[in-house]
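Biologist: I have the model open. Can you walk me through a pocket and some rings?
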Amino acid sequence: MGFKQFLTNNWRLVNSNNLFINRCANSVLESHNIGYAQKSVVNKLQLPLKPKKPSPPFFQYLKERRQEVIEKHNLNFKDAIRYLSESWKDFDEDTKKKMTDIYNKELEQYKDNMKVFNQNLTVDQKNELFRVKYEQIEQRTKRKLKKELKELGKPRKPLTAYLKYVTEEIKNHGNEPVQTYMVTVANKWKEMDENQKSKYIESAAIDNENYKNALLKWENDMIKVGRLDLVRARALSKDDTDN
């Protein structure tokens, strides 16, 4: 269950818990609308229009005031969300209650509409929507893992010899479209003899060796703190051998 879904299902908890609202400010930054893949599926299968889920009062408050706060206080998006999460705590309680009552009624209507929507879907449509949803969850999981690995300082793979050459050449594309210029660069690389390529190949080999050593050190550090889930099987085998 995503953060936004959890927030929707547990609105009363959120409404009374300041710490939870602070967490919400960070999570809003990661919320996103339906992806291109799911839009394509909807068009391809000619699905009926899916009912739109109502937004909890806090999200309504953010949507209505976010741009105003950004312009008035000269804040970036992230700081504006934090500012509004704090101001929401002191927002008029009567207005909050009215917004919550309206939201609860809209939520009940949404649930009824979703029942009708799901009943009208064919088996193939349901299966395809499930596939798209699974892919979205998988992509979200990969993004979270990538962020975690970055925070834990995992070494990044170095550039290959070819990509080193591309990085050097791409600076000279001028007004030519990058995609078109990339074809030119690829052809130039193919036509280069081994002597011309050697400096890129040697540099890439050195970077790769440094990367391997740094990765082994990082994996050993992860093993020591019990994060075996982030370590390759070969590193675990080596660690067992060393012990």
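Biologist: Which helix gives the largest share of the lining of the second largest pocket?
Modeller: Helix 8 does, with 6 residues. Helices are DSSP runs (H or I, at least four residues), numbered from the N terminus. Lining residues have an atom within 4 Å of a pocket point. This is a predicted model: local features need pLDDT of at least 70, side-chain atom pairs count only at pLDDT 80 or more, and totals for chains, interfaces and linings use all residues. Residues are numbered from 1 along each chain as its sequence is written, and side-chain values use heavy atoms, leaving out hydrogens and water.

Biologist: What volume does the second largest pocket have?
Modeller: About 410 Å³. That is the space filled by probe spheres set on the grid points, which are joined across faces, edges and corners. A pocket is an open set of points on a 1 Å grid over the protein atoms alone, where a 1.4 Å probe fits, with protein on both sides within 12 Å along at least five of seven lines.

Biologist: Which residues are closest to its centre?
Modeller: Of the 14 lining residues, K146, L149, K154, P155 and R156. Helix 8 (123-151) and helix 11 (194-224) are the elements that give two or more residues to the lining.

Biologist: Which residues of helix 8 are buried?
Modeller: Q125, E128, L129, V132, Q136 and L149. Buried means under 20% relative accessible area, exposed over 50%, partly exposed in between (1.4 Å probe, protein chains only).

Biologist: New topic. How many aromatic pairs are there?
Modeller: The count comes to 9. Rings of Phe, Tyr and Trp (its six-membered ring) pair if their centres lie within 6.5 Å; planes under 30 degrees apart are stacked, over 60 edge-to-face, the rest tilted. Y61 and F91 form a tilted pair, 4.8 Å centre to centre, with 50 degrees between the planes.

Biologist: Where do Y61 and F91 sit in the chain?
Modeller: Y61 is in helix 5 (residues 57-73), while F91 is in the loop between helix 6 (77-89) and helix 7 (93-119). They are 30 residues apart.

Biologist: Y61: buried or exposed?
Modeller: Buried, because its relative accessible area is 3%. F91 is partly exposed, at 24%.

Biologist: Which residues form the aromatic cluster?
Modeller: F58, F59, Y61, W88 and F91.
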